[in-house]
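Good morning, and thank you for making time for this presentation.

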Amino acid sequence: MTAIPFSQKTLDTLSGKVVVLTGGAQGVGEATVQLAYNAGAHVFFGDWADDKGSAVESAVKSSNTNSAGSVTFRKVDVREYASQLALFDAAFKAHGRVDVAISCAAVAEPPGFFEPENLDLESVKQEPTELRSRLDINLTSVLMFSRMALAYMKASPQDGTSRSIVLVSSIAGITEAPGLFAYSTAKHGVIGLMRALRPYAPLRYGVRVNAICPWATDTQLLAGVKDKWIQEKLPLNQPADVAGMILQCAADSTLNGKSVFVAGGKGIDTEEGYDKTQGQWMGEQLAEEWNRGQRVLGLGDGWTN
Ligand SMILES: NC(=O)c1ccc[n+]([C@@H]2O[C@H](COP(=O)([O-])OP(=O)(O)OC[C@H]3O[C@@H](n4cnc5c(N)ncnc54)[C@H](O)[C@@H]3O)[C@@H](O)[C@H]2O)c1
């Protein structure tokens, strides 16, 4: 088990760096905006909640007038390609660089689509467009965001800066999550994207990629089960705990390819154990063959459609 320690000294290396983040109008995203700004970063954050985003921009600015950084809000709907692109573009035009990209925006499971009471040969004729829309937010937009991040980082000065992408997944992206059908599909997809990028982006772009997998965190997303959770004395993160892990992955030049499970305020990399026990769950011989197969595939340049 590898714990990811929190170090303010590492976070302080974000001073002067340009950070682009989606979903910053509340919860974990808002806490990340505040922490990055406190560390002296220039933060450009987007959210579709216009009023809340503007209020966060003002509150963060006035909370710490000594910060060497800056904070800028733009209205962004992550489902719209041009909207996310405009956020990157604003950051790049202002500073000529993008150093850190954090995809944090997400929405909860839409209720009822898998319940037997609602699902029969009549109701199934109606396309569940709401499910599609939520997958767009929680997964497709993250893929687009990551590709944009690589383009803007490639265009940034190649001055030895350790650049990185941080994708916010969930514990529902690495384990079963009862009742979270669309959400879990998307969050597993985010881990898949991180795994596809982790051998590739460092070599081809000099960019590290990590995922954050929070367990229960005290934001409006948890509201439905929060009371029960506290009653059972289960571990609960504060948004700032998750924000700390996000920025740790952003700033620590040694971290790449991690899925950081955040529970009760602590961060643990789950990929190391998953990789280490490959021989147990795949069988030693298949694990050896699989690893040889991976070497044959290299960076995947041989795939055709
Ligand atoms: N709270 C938890 O217990 C928990 C657990 C695991 C993972 N997470 C993940 O942490 C991240 C932050 O979640 P949170 O708990 O702070 O939730 P939250 O609802 O407080 O924040 C999510 C933000 O994303 C924004 N957003 C949603 N759809 C958008 C869109 N189409 N375009 C732009 N912005 C959009 C919302 O307006 C909101 O500001 C999410 O990726 C979530 O899946 C949270």
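I shall go through the domains, the sheet, some salt bridges, a pocket, and finally a loop residue.

Please keep in mind throughout that this is a predicted model.

Let me begin with the overall division. The chain is split into domain 1, residues 2-269, and domain 2, residues 278-305. Between the C-alpha centres of domain 1 and domain 2 the distance is 30 Å.

I turn next to the sheet. How many strands does the open sheet have, and in what order do they come? There are nine strands, in the order S1-S9-S8-S7-S6-S5-S2-S3-S4, and the pairing is mixed. At the edges are strand S1 (2-3) and strand S4 (70-75), each of which pairs on one side only.

Two of the pairings deserve a description. Strand S2, residues 18-22, runs parallel to S3 and pairs with S3 over five bridges. Within that pairing, Val 20 has Phe 44 in S3 as its bridge partner. Strand S5, residues 100-103, and strand S6, residues 163-168, are also parallel, and four bridges join them. Here Val 100 has Ser 164 in S6 as its bridge partner.

Is strand S3 mostly covered or mostly uncovered? Strand S3, residues 42-47, is mostly covered, with six of its six residues buried. The cover extends to both faces: His 42, Phe 44 and Gly 46 are buried on one side, and Val 43, Phe 45 and Asp 47 are buried on the other.

I now move to the charged side chains. In general, side chains of opposite charge can pair when their charged atoms come close. A search of the whole structure gives 17 salt bridges, and I shall describe three of them.

Glu 57 and Lys 61 form a salt bridge in which the closest N and O atoms are 3.8 Å apart. Both residues belong to helix H3, residues 50-63, and they are four residues apart, about one turn of the helix. How are the two partners classed by accessibility? Glu 57 counts as buried because its relative accessibility is 18%, under the 20% cut-off. Lys 61 has a relative accessible area of 39%, and is therefore partly exposed.

Helix H3 also holds Asp 51. With a relative accessible area of 67%, Asp 51 is exposed.

The next example joins Glu 122 and Lys 125, whose side chains meet in a salt bridge at 3.1 Å, N to O. Both of these residues are exposed.

Arg 163 is buried, since its relative accessible area is 3%. Asp 159, by contrast, is partly exposed at 42%. This salt bridge belongs to a network, in which shared partners join Arg 97, Asp 99, Asp 159 and Arg 163.

Of its 17 lining residues, Arg 195, Arg 198, Pro 199, Trp 290 and Gln 294 are the closest to the centre. Which elements give two or more residues to this lining? They are helix H6 (181-197), helix H10 (271-276), helix H11 (278-282) and helix H12 (284-297). By class, the lining consists of 10 nonpolar, four polar and three charged residues. Domain 1 and domain 2 each supply at least three residues to the lining of this pocket.

I close with a residue in a loop. Lys 233 is found in the loop between helix H8 (226-231) and helix H9 (239-251). Its phi is near 55°, a positive value in a residue other than glycine. Is Lys 233 buried or exposed? Lys 233 counts as exposed because its relative accessibility is 75%, over the 50% cut-off.

That concludes the presentation, and I thank you for your attention.

Notes: Residues numbered from 1 in each chain as written. Predicted model: local features only at pLDDT ≥ 70, side-chain atom pairs only at ≥ 80, totals over all residues. Heavy atoms only, no water. 1 Å grid on protein atoms, 1.4 Å probe; cavity = no way out; pocket = protein on both sides within 12 Å on 5 of 7 lines; lining within 4 Å. Nonpolar A, V, L, I, M, F, W, Y, C, P; charged D, E, K, R; others polar. Domains from an automatic or database assignment. Salt bridge = Lys/Arg side-chain N within 4 Å of Asp/Glu carboxyl O. Buried < 20%, exposed > 50% of the residue type's maximum accessible area, 1.4 Å probe, protein only. Pairing = 2+ DSSP bridges.
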